[in-house]
Amino acid sequence: MYCKKCRNPNDDDAVYCKKCGSLMEFEDETRVVRRESARSDRTENYRIGPTLKFIIIGYILAALGAIVLVAVLALTPLSIWISVVIGLMLFLIPAYFHLRQRMVNYSLNDQCIEIDSGLISRTTRNIPLTRIQDVTVSAGILQRLLNFGNVVIDNASEQGGKIVIRNIDSPREYADKLLRHMHRLER
């Protein structure tokens, strides 16, 4: 950045000229760049999606079911290739649920929680950390045994209500991280 009075080069963040001491006037391009860099200051601290434990179990069960189905259908007058195709179609069930779970992502940055959902049309919901009133971790018996659960976030937005981050691994860790960020903002 150059001083408009003496044309001396200065640092980009200088308020006064090093040579003549006059107040630096920022150009429009400099202001735009500074606003854009302020937006990029939001660093992502945590990104999580729903657990894949049931999806993995679903793929294993589909593989076992396909083997049994092909063996049983091989005893019938059907062609072996038709029975293999029917057995492979069992993999469509866990693949569907896998795709559904991959369409949801939760991320925590310095200022808000972002919930991204959708495959073709994407929806992003931002919940500012300053509006969060309560964070609750809930897990049923099966969820506790497999170390996953739900994080329920009560916020004070105009729409109100609760946001449930469903079926995430180590929900207590995520809730603690969220609470630490909220306490940092309060200071």
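Let's start with helix H2, residues 53-74, and helix H3, residues 80-89. Keep in mind that this is a predicted model. H2 and H3 pack at an angle of about 155 degrees. Their axes are 9 Å apart. Angles over 145 degrees count as roughly antiparallel, so that is how H2 and H3 run relative to each other. The crossing of these two helices, H2 and H3, is right-handed.

Who makes the contact? On the H2 side, we have Ala-66, Leu-69, Val-70, Leu-73 and Ala-74. H3 brings Ile-80, Ser-83, Val-84, Ile-86 and Gly-87. Sort the residues of this H2 and H3 contact by class, and you get eight nonpolar, two polar and no charged.

Next, helix H4, residues 92-102. H4 also packs with H2, at an angle of about 165 degrees. Here the axes of H2 and H4 are 9 Å apart. With the same cut-off of over 145 degrees, H2 and H4 are therefore roughly antiparallel to each other. Now look at the handedness. H2 and H4 cross in a left-handed way, whereas the crossing of H2 and H3 is right-handed.

Which residues of H2 touch H4? They are Ile-55, Gly-58, Tyr-59 and Ala-62. From H4 come Pro-94, Ala-95, Phe-97, His-98 and Gln-101. By class, the contact of H2 with H4 has six nonpolar residues, three polar ones and no charged ones.

On to the aromatic rings. The count is two aromatic pairs. Take Phe-54 and Phe-148. Their ring centres are 5.4 Å apart, and their planes stand at 85 degrees. Over 60 degrees counts as edge-to-face, so this pair of Phe-54 and Phe-148 is edge-to-face. The pair links distant parts of the chain. Phe-54 sits in helix H2, and Phe-148 sits in strand S6, residues 148-155. That puts the two 94 residues apart.

Buried or exposed, what is Phe-148? Phe-148 has 2% relative accessibility, so it counts as buried.

Conventions: Residues numbered from 1 in each chain as written. Predicted model: local features only at pLDDT ≥ 70, side-chain atom pairs only at ≥ 80, totals over all residues. Heavy atoms only, no water. Axes fitted to C-alpha atoms, helices over the stretch in contact; angles between N-to-C directions. Helix = DSSP H or I, 4+ residues; strand = E, 2+ residues; numbered from the N terminus. Parallel < 35°, antiparallel > 145°, perpendicular 65-115°, else oblique. Left-handed = near helix turned anticlockwise from the far one by under 90°. Contact = heavy atoms within 4.5 Å. Nonpolar A, V, L, I, M, F, W, Y, C, P; charged D, E, K, R; others polar. Phe/Tyr/Trp six-rings, centres within 6.5 Å; stacked < 30°, edge-to-face > 60°. Buried < 20%, exposed > 50% of the residue type's maximum accessible area, 1.4 Å probe, protein only.
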